[in-house]
Amino acid sequence: MSSAFGDFGPLTERRRAEKARQQRRRIMIALGTVSIIIILIVMGAAAITYSGKKSEEDEGGSKGSSKGKSKGGGGGDDEDGGGGGGKADLRAVSKSIKMMCAQTDFADSCATSIGKAANASVSSPKDIIRTAVDVIGGAVDQAFDRADLIMSNDPRVKAAVADCKELFDDAKDDLNCTLKGIDGKDGLKQGFQLRVWLSAVIANMETCIDGFPDGEFRDKVKESFNNGREFTSNALALIEKASSFLSALKGSQRRLLAGEEDNGGGAADPHLALAEDGIPEWVPDGDRRVLKGGGFKNNLTPNVIVAKDGSGKFKTINEALAAMPKTYSGRYVIYVKEGVYAEYVTITKKMASVTMYGDGSRKSIVTGSKNFADGLTTFKTATFAAQGDGFMAIGMGFQNTAGAAKHQAVALLVQSDKSVFLNCWMDGFQDTLYAHSKAQFYRNCVITGTIDFVFGDAAAVFQNCVLTLRRPMDNQQNIATAQGRADGREATGFVLQKCEFNAEPALTDAKLPPIRNYLGRPWREFSRTVIMESDIPAIIDKAGYMPWNGEFALKTLYYAEYANKGPGADTAGRVAWPGYKKVISKADATKFTVDNFLHAKPWIDPTGTPVKYDFFT
């Protein structure tokens, strides 16, 4: 019935009254759920405003006005006569900072660092959070400067110093992105993206340290980054709290506006409904075929063609990259024809939104053999490095042929935010895929290796991928993953969904010594890995995971499994570490779906990549 006829009759009036009472109850519940967070966030701003006004009333604007021109502005000058209360304002700011910093893991360094940088013009929680990010720059700058001053004839130390210079530039870029994001129209609403950038800052600091061999230099460099790590953790915590509050408030508003026919539960958003193929139901049939991958390659029109046989414009990938225009709109598409390309390739930070597709992951292959044993840092062993944001690879192979005896040898290094790898092959032994940082999505890929062959500190989901365990040296063991989350506030972790673990024939050869095989181990203190809806074979050790070194990270890591199958999926014999959660509930596993963990619809859908945003079953 039309609402135009809904105002007549006693029955309707009673229904309206009852619905009004239900609506009021829902409002009270919603307000109750967010009231505590509102108090924590708003009291800071209220304290500043109140104290500023009170100081003007008590002091008449005469005291403090001469001190009101503190760094960054605030207070005004004497001629204006209205900027008094500088000291009182700063006291209020200090109280607000301490209140907000109490939510961090390093409350003292948070309050001290922000307090030194803040001034009376800091008038809101957002200002405090921005200052928390701003102070990271100085701490990181000092730390990298100290690394740069290290003098040594050791080639490994020299290589580490060179890495640190590059990583410092990366960290600065990520901090600038964070500050611009806070200042932008979405501000703290884009909390996940802000945390991804700040997590990358931590990854860059850790990678700088990693390059140094064990000893005095490494210890000094690590110590120099203490402030930078703590300040970044503080900013991550403040952003997480603020964005959680905004999400809760937005969710409450959405539920309250859901309409009268939801019986108090809220109507489902039609734009969030997914069909069985994992694609939103509202997507038109024509676009649905593209999202499924049907005719995907035919929809790509390359800007340039690379062909080793000379049938394209360029014979090497590097030639094609060197000829790229400095500015272009949309995606820049490079088609790499069948061939084995023995070259080291970097998609630089300036090369954003590049798509590279081949004739198949076993046909269009980029290969190299750089490795740690020959004197390089792990960071510099990559055959192919993707740095520019929005990079996408389709039907490409990335290979490092150094072999098990050469130890760390990266085939693919990924620092690209919102990057996608579809139908690709990453082939190597130890450290095959370095998922270094930021948000990444892998679909229908094959990754081969031995020790820690999927490692790094990215927020990465591997969906419908195959992880093939190869034969290492006889005195080694296989570990599929080594996630490197260094701080518990980071937005990073590895999620393996609907994946399959298998072994190459040489690994199970009865004539050779047996090799133990594990799902993962904690590279850093807060390592996070979730394996769900995947097929785990009997070749995986019953313990599932192995420690990195003694008790390191066993209490702080987060490892969990959900709805796995296969003879190796039984968790009865798994490790008993405090951080291992065994089989988690579906509600907990939901946090690690592509939609919830990567918030990836806005950047995966436009690429046409097939994806399942929730569960397969």
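## A first term: polar contacts

A polar contact is a pair of N or O atoms within 3.5 Å; within protein, one must be able to donate a hydrogen and the other to accept it, and residues adjacent in sequence count only if both atoms are side-chain atoms. Keep that in mind for D457: a polar atom of its side chain lies 3.3 Å from the backbone nitrogen of R485.

Before going on, note that this is a predicted model, in which local features need pLDDT of at least 70, side-chain atom pairs count only at pLDDT 80 or more, and totals for chains, interfaces and linings use all residues. Residues are numbered from 1 along each chain as its sequence is written, and side-chain values use heavy atoms, with hydrogens and water left out.

## The whole chain

The protein chain has 13 helices and 25 strands. Here helices (H or I, at least four residues) and strands (E, at least two) are DSSP runs, numbered from the N terminus. Of its 617 residues, 51% count as buried. Buried means under 20% relative accessible area, exposed means over 50%, and partly exposed is in between (1.4 Å probe, protein chains only).

Contact means heavy atoms within 4.5 Å. Among the contacts in the protein chain with a separation of 6 or more, 68% come from residues 24 or more positions apart.

Let's return to D457, which sits in the loop between β16 (451–456) and β17 (459–463). D457 is buried but has no salt bridge; that term stands for a side-chain nitrogen of Lys or Arg within 4 Å of a carboxyl oxygen of Asp or Glu. The nearest side chain of opposite charge belongs to R524, 6.1 Å away. For charges, Lys and Arg count as positive and Asp and Glu as negative, while His and the chain ends are not counted.

What does the side chain of D457 have as a polar partner? The side chain of T492 makes a polar contact with it, at 2.7 Å. Leaving out residues up to four places away in sequence, D457 touches several others, including S199, H436, K438, R485 and E490.

## D452 in strand β16

D452 lies in strand β16. UniProt places the feature "active site" at D452, in an unreviewed entry; UniProt positions are given in the numbering used here, feature names are shortened, and annotations may be inferred rather than shown by experiment. D452 counts as buried because its relative accessibility is 5%. Residues touching D452, not counting those up to four places away in sequence, include D431, R521 and W548.

## Salt bridges across the model

A search of the whole structure finds 23 salt bridges. One of them joins the side chains of E166 and K380 (2.6 Å, N to O). E166 is in helix α5 (residues 155–183) and K380 is in the loop between β6 (364–368) and β7 (384–386), so this pair ties together parts that are 214 residues apart in sequence. E166 is partly exposed at 23% relative accessibility, and K380 is partly exposed at 35%.

D374 and K406 also form a salt bridge, with their closest N and O atoms 3.0 Å apart. This pair links distant parts of the chain, 32 residues apart: D374 in the loop between β6 and β7, and K406 in the loop between β9 (397–400) and β10 (412–414). D374 counts as exposed at 52%, whereas K406 is partly exposed at 30%. Elsewhere, E206, D210, D214, R218 and R524 are linked in a network of salt bridges.
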